[in-house]
Amino acid sequence: MQRLIQRTVIRAAAVALALCGAAAAQAQQVKFTGPYIGMAIGDTDLDTAFRFFGGGQFTNIFGIEGQVATYGSRTYQQGLFTYKDSAWAAGVYGTATMPVAQNFSVFGKLGVHYFRMKHDAPNGSTQDSSAELGIGVGLKWQFVPQAALRADFENIGGSGGDIISVGIQFPLNF
């Protein structure tokens, strides 16, 4: 059953990315521009999250973004025993951006991630990894030409996969 869900998530993300690409190609000439990198810090169910991301635009509206995110770790006691949970994810999003004012825009993201959760217990550790649908929204303020401030909300893999983060994005001008 879990494999069926994973396949469905991957297929849905592939179709969404293909549709974004097809719409972008029809709407305007496709050319990769505006590459950027960035980092963010945020909060998850486990602890403090760190995200490192990069991407660019194919058109004024549609783009792509890749990221690696750590969800932090949580250590807790149950009786005499200590347990630790940690997680991380890596993936790629198709993005859609819409300016709402000068130097201010909103964006949405849809993609697929490899998600890994680790649970350490006194009797050993277990790991669970899966392909998960990633969806997100955010705000971007380009306060100077060399940097933008971002606020993102992402959900990767349903419940427990939320990241709320604030970060900075830098253009890569070659």
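The dialogue below walks through several features of a predicted model, one at a time.

Q: How many strands close into a barrel, and in what order?

A: As a general idea, strands of a sheet pair through backbone hydrogen bonds, and the pairing may be parallel or antiparallel. In this structure 8 strands close into a barrel, in the order E1-E2-E3-E4-E5-E6-E7-E8, and their pairing is antiparallel. From one strand to the next, the twist averages 25°.

Q: Which strands pair with E1, and over how many bridges?

A: Strand E1, residues 33–43, pairs in the antiparallel sense with strand E8, residues 162–171, over 8 bridges, and E1 also pairs in the antiparallel sense with strand E2, residues 48–57, over 9 bridges. On the E2 side, Asp-43 stands opposite Thr-48, and E1 and E2 form a hairpin with 4 residues between them.

Q: Turning to charged side chains, how many salt bridges does the structure hold, and which parts of the chain does the pair of Arg-51 and Asp-152 tie together?

A: The general idea is that side chains of opposite charge can pair when their charged atoms come close. The structure holds 9 salt bridges, one of which joins Arg-51 to Asp-152, with the closest N and O atoms 3.4 Å apart. Arg-51 lies in strand E2 and Asp-152 in strand E7, residues 147–156, so this pair ties together parts that are 101 residues apart in sequence. Both Arg-51 and Asp-152 are buried.

Q: With which other residues does Asp-152 form a salt bridge?

A: Asp-152 also forms a salt bridge with Lys-109, where the closest N and O atoms are 3.1 Å apart. This pair links distant parts of the chain, with Asp-152 in strand E7 and Lys-109 in strand E5, residues 104–121, at 43 residues apart. Lys-109 is buried, as is Asp-152. A further salt bridge of Asp-152 is with Arg-150, the closest N and O atoms being 2.8 Å apart.

Q: Why do Asp-152 and Arg-150 count as buried, and which residues do the shared partners join into one network?

A: The cut-off for buried is under 20% relative accessible area; Asp-152 is buried because its relative accessible area is 4%, and Arg-150 is buried because its value is 3%. Salt bridges that share partners join Arg-51, Glu-65, Lys-109, Arg-150, Asp-152 and Glu-154 into one network.

Q: Which residues make the nonpolar surface patch, and which element gives the most to it?

A: The nonpolar surface patch, of about 770 Å², is made by Met-98, Val-100, Phe-104, Leu-139, Trp-141, Phe-143, Val-144, Leu-149 and Val-166. The elements that give two or more residues to the patch are strand E4, residues 81–101, and strand E6, residues 124–144, and E6 gives the most, with 4 residues. Trp-141, whose place is in strand E6, counts as partly exposed because its relative accessibility is 43%.

Definitions and conventions: Residues numbered from 1 in each chain as written. Predicted model: local features only at pLDDT ≥ 70, side-chain atom pairs only at ≥ 80, totals over all residues. Heavy atoms only, no water. Patch = residues over 30% accessible without salt bridge, like charges linked within 9 Å, V, L, I, M, F, W, Y side chains within 5 Å. Areas by Shrake-Rupley, 256 points an atom, 1.4 Å probe, with all protein chains shown as cover. Salt bridge = Lys/Arg side-chain N within 4 Å of Asp/Glu carboxyl O. Buried < 20%, exposed > 50% of the residue type's maximum accessible area, 1.4 Å probe, protein only. Pairing = 2+ DSSP bridges. Axes fitted to C-alpha atoms, helices over the stretch in contact; angles between N-to-C directions.
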